[in-house]
Amino acid sequence: MASGGQLQYVNTSQGNRDRAVRLSRTFKGRAYNYNFPFNKTSKGSMNCSQVVWVSYKDGAGIDLDFNGGPGVYPSDIMQSKWTITYKRY
């Protein structure tokens, strides 16, 4: 892992994590979405941050977006009040 990276988990119940995982599996095989600035409204293709965000939002009712903008980025998830860092590199 690159310097400055970190490992995190979402601070919620195992049931919520399981629901998010189940939903995320339904996105397998979708095309990659390069439109990060407005990825919250895209329903076809998806990017990594979008998969994590929508899986928790729709699967468990947890919004991991830090700033509430029209797009969700890795940094939004990293800074979310729901994520806990357990290791830094």
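1. Contact here means heavy atoms within 4.5 Å. By that criterion, and leaving out residues up to four places away in sequence, Ala 60 touches Asn 16 and Ser 55. The model is a predicted one, and the points below should be read with that in mind.

2. Helix 2 covers residues 48–60 and has 13 residues. After helix 2 comes Gly 61, which has a positive phi, near 75°.

3. Which residues of helix 2 are buried? They are Ser 49, Gln 50, Trp 53, Val 54, Ser 55, Tyr 56, Gly 59 and Ala 60. The cover over these buried residues includes strand 1 (6–10), helix 1 (14–25) and helix 3 (74–78).

4. Ser 49 belongs to helix 2. Its relative accessibility is 3%, and buried means under 20%, so Ser 49 counts as buried. Not counting residues up to four places away in sequence, Ser 49 touches Phe 36, Val 72, Tyr 73, Pro 74 and Ile 77. Ser 49 and Asp 76 are 27 residues apart in sequence, with their C-alpha atoms 8.7 Å apart in space.

5. The largest nonpolar core has 12 residues in all: Val 10, Ala 20, Phe 27, Met 46, Trp 53, Val 54, Tyr 56, Ala 60, Ile 62, Leu 64, Val 72 and Ile 77. Helix 2 gives the most to this core, with four residues. As a general point, nonpolar side chains tend to be buried together in soluble globular proteins.

6. The largest pocket has a volume of about 260 Å³. Its lining consists of Gln 6, Leu 7, Gln 8, Tyr 9, Val 10, Cys 48, Ser 49, Val 52, Pro 74, Ile 77, Met 78 and Thr 83. Strand 1, helix 2 and helix 3 are the elements that give two or more residues to this lining. Which element gives the most to the lining of the largest pocket? Strand 1 does, with five residues. By class, the lining has eight nonpolar and four polar residues, and no charged ones.

7. Asn 39 lies in the loop between helix 1 and helix 2. Is Asn 39 buried or exposed? The relative accessible area of Asn 39 is 0%, which is under the 20% cut-off, so the residue is buried. Apart from residues up to four places away in sequence, Asn 39 touches Asn 33, Asn 47, Gln 50, Pro 70, Gly 71 and Val 72. Between Asn 39 and Gly 4 there are 25 Å in space, C-alpha to C-alpha, and the two are 35 residues apart in sequence.

8. Lys 40 is also in the loop between helix 1 and helix 2. With a relative accessible area of 15%, against a limit of under 20%, Lys 40 is therefore buried. Leaving aside neighbours within four places in sequence, Lys 40 is in contact with Trp 53, Asp 65, Gly 68, Gly 69, Pro 70, Gly 71 and Val 72. Lys 40 and Ile 84 are 44 residues apart in sequence and 23 Å apart in space, C-alpha to C-alpha.

9. Tyr 89 is in the segment after strand 2 (83–88). Why is Tyr 89 classed as partly exposed? Its relative accessible area is 39%, and the class lies between the 20% and 50% limits, so Tyr 89 falls within it. Tyr 89 and Gly 44 are 45 residues apart in sequence, and their C-alpha atoms are 34 Å apart in space.

Note on methods
Residues numbered from 1 in each chain as written. Predicted model: local features only at pLDDT ≥ 70, side-chain atom pairs only at ≥ 80, totals over all residues. Heavy atoms only, no water. Expected span 1.5 Å × (residues − 1). Buried < 20%, exposed > 50% of the residue type's maximum accessible area, 1.4 Å probe, protein only. 1 Å grid on protein atoms, 1.4 Å probe; cavity = no way out; pocket = protein on both sides within 12 Å on 5 of 7 lines; lining within 4 Å. Points joined across faces, edges and corners; volume = space filled by probe spheres on them. Nonpolar A, V, L, I, M, F, W, Y, C, P; charged D, E, K, R; others polar. Core = buried A, V, L, I, M, F, W, Y, C linked by side-chain atoms within 4.5 Å.
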